[in-house]
Amino acid sequence: MLNRSRGFALALAFPLLSLTQPLAAQGFNFSAAVLVDGREILVSQPENPYTPGYVYRYRLGPKGWRLLSKLSADSASDDDGFGQSLALEGNTLLVGSTAADSGRGVVYVFRRDSRAGWRQVGRFG
């Protein structure tokens, strides 16, 4: 369920999960793709005509969910579709960017780093 005035709410194994949209994401397809990985949630916002797409990284802590960081592609451009799809296998995250590379689309590869979170290590497409 998307409540544009209060953020994103998702009921999974948690009684109620409420994430507040970052200001830059409001009204621009926030939560197009959602990936749950233990105590972290990745929420994408691929369609924003004013900024590149982002994947927002939240972690559950003692005071609830908090935004840790946002991922974007090294070669990001406005309205690139970054985050249209998400896939995770172990410590490898794939992020689809449907409008990147002049509309041909790209898949970006991120590797989980225990200190820094996620870092881009490649791309294909």
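At 18% relative accessibility, Thr92 counts as buried, where buried means under 20% relative accessible area, exposed over 50% and partly exposed in between, using a 1.4 Å probe and protein chains only. The model you are looking at is predicted: local features need pLDDT of at least 70, side-chain atom pairs count only at pLDDT 80 or more, and totals for chains, interfaces and linings use all residues. Residues are numbered from 1 along each chain as its sequence is written, and side-chain values use heavy atoms, with hydrogens and water left out.

Thr92 belongs to strand S9 (residues 92-97). Helices (H or I, at least four residues) and strands (E, at least two) are DSSP runs, numbered from the N terminus. The side chain of Thr92 is joined to that of Arg111 by a polar contact of 2.7 Å. Such a contact is a pair of N or O atoms within 3.5 Å; within protein, one must be able to donate a hydrogen and the other to accept it, and residues adjacent in sequence count only if both atoms are side-chain atoms. Leaving aside neighbours within four places in sequence, Thr92 touches Ala87, Val109, Phe110, Arg111 and Trp118; contact here means heavy atoms within 4.5 Å.

## Aromatic rings

How many aromatic pairs does the structure hold? There are three. Rings of Phe, Tyr and Trp (its six-membered ring) pair if their centres lie within 6.5 Å; planes under 30 degrees apart count as stacked, over 60 as edge-to-face and the rest as tilted. The centres of the Phe82 and Phe110 rings are 6.1 Å apart and their planes are at 65 degrees, so this pair is edge-to-face. It links distant parts of the chain, with Phe82 in strand S8 (residues 82-89) and Phe110 in strand S10 (residues 106-113), 28 residues apart.

Phe82 is buried, at a relative accessible area of 0%, and Phe110 is buried as well, at 2%. Ring pairs join Phe82, Tyr108 and Phe110 into a cluster. Elsewhere, the charged end of Lys70 sits over the ring of Tyr54, 4.1 Å from its centre; this requires NZ of Lys or CZ of Arg within 6 Å of the ring centre and within 35 degrees of the ring normal.

## Strands and their partners

Two strands pair if DSSP finds at least two bridges between them. S10 and strand S11 (residues 117-124) pair in the antiparallel sense over seven bridges, and a hairpin of three residues joins them. Tyr108 has Arg123 in S11 as its bridge partner.

Another part of the model is an open sheet of four strands in the order S4-S5-S6-S7, with antiparallel pairing. Its edge strands, S4 (34-37) and S7 (64-71), each pair on one side only. S4 and strand S5 (residues 40-45) pair in the antiparallel sense over four bridges, and Val36 stands opposite Ile41 in S5.

## A loop with positive phi

Most residues other than glycine have a negative phi. Which phi does Asp101 have? The value is positive, about 55 degrees, although Asp101 is not a glycine. Asp101 lies in the loop between S9 and S10 and counts as partly exposed, at 31% relative accessibility.

Ser102 is found in the loop between S9 and S10, and its phi is also positive, near 55 degrees. At 70% relative accessibility, Ser102 counts as exposed.
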